[in-house]
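Here is a friendly walk through one protein model.

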Amino acid sequence: MKMKEWYLRRCVYLLAFLAVAAQAATAARIVAIGDVHGAYPEFVSILQRTGLIDQSLNWSGGQTTFVQVGDILDRGGESRKALDLMMKIEGQAGQQHGKVIPLLGNHEVMDMMGDLRYVSPGEYQAFSTDQSEKIREEKYEEYKNFVAEHGAPGSPPTDHDEWMAQHPPGFFELRDAYGPKGEYGRWFRSHDAVAKVGDAIFVHAGLDPDLHYKSVEEINKRVHEELAAFDLYWKELCEAKVIWPYMTLNEAIHQAQNVYRAAQSGTYTITPYAHSSIVNFLRNLPNWSIISPQGPLWYRGLAQDPEAPLQEKLNSMLAGLKADYIVMGHTVVSRQGITVRFDHHAFLIDTGMNEAFFQGRPSALVFESGRIMAEYANGEQQALVDPPSGQKAAAADRAADGNNQR
């Protein structure tokens, strides 16, 4: 065989190999599930319906990539069980060459930051132990001493009954668990806000096309930097005795503002370190993407705004991120099923899984073999995007070839 002929044949083999590899990559199965909000039985039902877990609640999804777009927490009483299940199957999936990608939602970040407005009684109860009453009394005395020694005018009240009502059994254990050193807190802080899998972008709330994102990596880098900055400022404020460690976010903001005003008026003395910590905290907090209405954890424009003015901007953003689709939770547009927008390029997958709160139902978005499907826990399936005709023909040819060889 002449060298030129051999080289050409090798090139043909290589191109064929790359084509098969591309087809395999396209055919890789991706399952996305939206907001859980403590609805553990419903979460289990959709995981089992899509074949991701078996009856023993172990990973059975094989090489599937499972993306959960955040908001496992809050509103429902069984958030901790849902978190434990996610952590378990995340560890198991790799053994079958699968992957679990848990993304940050606004509620994970809220709970990490001490914004506990949506934590349900059942969620506190899941963290309570036989030591919880003793811990509450100890923390109450600790807080009273803090206010007596460091409280500025306007500090939160210390009435025993009122304080206890605001700090139910399990409150302090939950705060520790979601903190930087806690089991769940460390796990949350390892998560990204956005993931690109195949030709799809996955994010909790959405990406504002007007913000001109350069890359998924840029978005995630900023989110991680902001979370690290928050943890640092919180630590500094505690060390400076400006705030008490277990204050809620709202209490801490008001406390820092009160201390700063009192120091400015000369009625309260603070150190330069405390002054710097307060200024950094209050000045930077409003500018962070993790709490901004335009940030990836909160933005609702792609879910709620008219499509026409955004269509071209969305197309440009997706092209810049080298993606064809964007998949989002956060906003319940329909409790009956997954919502498709922007000419089948945007999918809203939060269908109100927590039935008691939203009266919705569990759902999943499935990418497989060029097709995009909606699946529901009751077994219903809905084709949302079919593969291009060329892919259909190729799939039919491959199937026919396979049958002929049997």
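Which element gives the most to the lining of the largest pocket? That would be H10, with six residues. Before going further, a word on the ground rules: this is a predicted model, where local features need pLDDT of at least 70 and side-chain atom pairs count only at pLDDT 80 or more, while totals for chains, interfaces and linings use all residues. Residues are numbered from 1 along each chain as its sequence is written, and side-chain values use heavy atoms, with hydrogens and water left out.

**The overall picture**

The protein comes to 16 helices and 11 strands. These are DSSP runs numbered from the N terminus, with helices being H or I of at least four residues and strands being E of at least two. Of its 406 residues, 49% are buried, where buried means under 20% relative accessible area, exposed means over 50%, and partly exposed is in between (1.4 Å probe, protein chains only). Among contacts with a separation of 6 or more, 68% are between residues 24 or more positions apart; a contact means heavy atoms within 4.5 Å.

**Empty spaces**

Rolling a probe the size of a water molecule over the atoms shows where empty space is left. On a 1 Å grid over the protein atoms alone, a cavity is a set of points where a 1.4 Å probe fits but cannot get out, a pocket is an open set with protein on both sides within 12 Å along at least five of seven lines, and lining residues have an atom within 4 Å of a point. Grid points are joined across faces, edges and corners, and a volume is the space filled by probe spheres set on the points.

The largest pocket has a volume of about 530 Å³. It is lined by 20 residues, and the closest to its centre are Gly179, Pro180, Lys181, Trp234 and Pro245. Helix H4 (106–113), helix H8 (171–178) and helix H10 (216–239) each give two or more residues to this lining.

The whole structure also holds three cavities of 30 Å³ or more. The second largest cavity is lined by Gln68, Ile72, Pro102, Leu103, Glu108, Trp187, Phe188 and His191.

In the table, Ala, Val, Leu, Ile, Met, Phe, Trp, Tyr, Cys and Pro count as nonpolar, Asp, Glu, Lys and Arg as charged, and the others, Gly among them, as polar.

| Space | Volume | Lining by class |
|---|---|---|
| Largest pocket | about 530 Å³ | nine nonpolar, three polar, eight charged residues |
| Second largest cavity | about 40 Å³ | five nonpolar, two polar, one charged residues |

**A helix pair**

Helix H2 (residues 40–49) and helix H3 (residues 79–93) have axes that come within 9 Å and cross at roughly 30°. Axes are lines fitted to C-alpha atoms, for helices over the stretch in contact, and angles run from 0 to 180 degrees between N-to-C directions. H2 and H3 are therefore roughly parallel to each other (under 35 degrees; over 145 is roughly antiparallel, 65 to 115 roughly perpendicular and the rest oblique). Tyr40, Phe43, Val44 and Leu47 of H2 meet Lys81, Ala82, Leu85 and Met86 of H3.

**Single residues**

Threonine 65 sits in strand E2 (residues 65–68) and counts as buried because its relative accessibility is 15%.

Most residues other than glycine have a negative phi. Leucine 57, in the loop between H2 and E2, has a positive phi of about 65°.
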